[in-house]
Amino acid sequence: MEHLPLDDSSVDVIISNCVVNLAPDKDRVFGEAFRVLKPGGRVAISDMVTRVPMPEIMRANLVSWAACVSGAITEKEYVAKMRAAGFVGVDKVAGGENPLEPLYSAKFVARKPG
Ligand SMILES: C[S@@+](CC[C@H](N)C(=O)[O-])C[C@H]1O[C@@H](n2cnc3c(N)ncnc32)[C@H](O)[C@@H]1O
């Protein structure tokens, strides 16, 4: 996902479930998604996010990273990174309804400007 073997502007839709949290460089991942999408192309991503930043001691735990826990970033950071990559209409469409859940699955949609 950090180096997609696809041409620029060659993809209509990207869907992803519980993968981006595993990438240390999420800006790179969103940048690649943006690069390969055609203008007007859309993304629908389901991923683990947190309510507060993950403590450093957790981020260093590779077992919990591989379990889709430690690599998770906050929902706010997630949206900001998608926007920073150039996506518009970035919207969280589900997840996080239970305020007691520190880590939860959220669904995001966005598109590349046409
Ligand atoms: C939690 S599983 C989710 C699999 C699938 N999306 C699903 O919904 O069942 C995470 C997947 O991400 C893949 N993965 C991890 N790092 C990756 C990377 N840098 N690029 C592409 N895929 C990666 C793993 O091989 C694994 O198949």
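1. Asp12 is partly exposed, at 47% relative accessibility. In this predicted model, its side chain pairs with Lys38 in a salt bridge, with 3.2 Å between the closest N and O atoms. Asp12 belongs to strand β1 and Lys38 to strand β2, so the bridge ties together parts of the chain that are 26 residues apart in sequence. Lys38 is also partly exposed, with a relative accessibility of 32%.

2. The count of salt bridges comes to 5. Another of them joins Lys81 and Asp27, with an N to O distance of 3.1 Å. This pair links distant parts of the chain, since Lys81 sits in helix α4 and Asp27 in helix α1, 54 residues apart. Both partners are partly exposed: Lys81 has a relative accessible area of 22%, and Asp27 has one of 40%.

3. Arg35 and Glu32 form a salt bridge at 2.7 Å, N to O. The two residues are 3 apart in helix α1, which means that about one helical turn separates them. Their accessibility falls on either side of the 20% limit for burial: Glu32 is buried, at 8%, while Arg35 is partly exposed, at 23%. The pair is part of a network of salt bridges that links Asp8, Glu32 and Arg35.

4. Helix α1 spans residues 26–36, and its buried residues are Lys26, Val29, Phe30, Glu32, Ala33, Phe34 and Val36. The elements that cover these buried residues include β1 (11–17), β2 (37–50), α3 (62–66) and α4. At the start of the helix, a side-chain oxygen of Asp25 comes within 3.4 Å of the backbone nitrogen of Asp27.

5. Lys26, in helix α1, deserves a separate remark. A polar atom of the Lys26 side chain does lie 3.2 Å from the backbone oxygen of Asn21. Beyond four places in sequence, Lys26 touches Val20, Asn21, Trp65, Gly71, Ile73 and Lys81.

6. A polar atom of its side chain is 2.6 Å from the backbone oxygen of Leu37. With neighbours up to four places away in sequence set aside, the contacts of Lys112 are Ser9, Phe34, Arg35, Leu37, Lys38, Pro39, Gly40, Gly41 and Phe87. Among these contacts are Arg35 and Lys38; Arg35 is bridged to Glu32, and Lys38 to Asp12.

7. Val79 lies in helix α4 (residues 75–84) and is buried, with 14% relative accessibility. Leaving out neighbours within four places in sequence, Val79 is in contact with Val90 and Phe108. Val79 and Lys112 are 33 residues apart in sequence, and their C-alpha atoms are 14 Å apart in space.

8. The structure holds 0 disulfides. Cys18 is in none, and the nearest cysteine sulfur to its own, that of Cys68, is 3.3 Å away. Cys18 is partly exposed, with a relative accessible area of 23%, whereas Cys68 is buried, at 13%.

9. Both cysteines also belong to the surroundings of the ligand, which comprise Met1, Glu2, Asn17, Cys18, Val19, Leu22 and Cys68. A polar backbone atom of Met1 is 2.9 Å from a ligand nitrogen. From Glu2, a polar side-chain atom lies 2.9 Å from a nitrogen atom of the ligand. From Asn17, a polar side-chain atom is 2.6 Å from an oxygen atom of the ligand.

Conventions. Residues numbered from 1 in each chain as written. Predicted model: local features only at pLDDT ≥ 70, side-chain atom pairs only at ≥ 80, totals over all residues. Heavy atoms only, no water. Disulfide = S-S within 2.5 Å. Buried < 20%, exposed > 50% of the residue type's maximum accessible area, 1.4 Å probe, protein only. Polar contact = N/O pair within 3.5 Å; in protein donor to acceptor, adjacent residues only side chain to side chain. Contact = heavy atoms within 4.5 Å. Helix = DSSP H or I, 4+ residues; strand = E, 2+ residues; numbered from the N terminus. Near = heavy atom within 4 Å. Salt bridge = Lys/Arg side-chain N within 4 Å of Asp/Glu carboxyl O.
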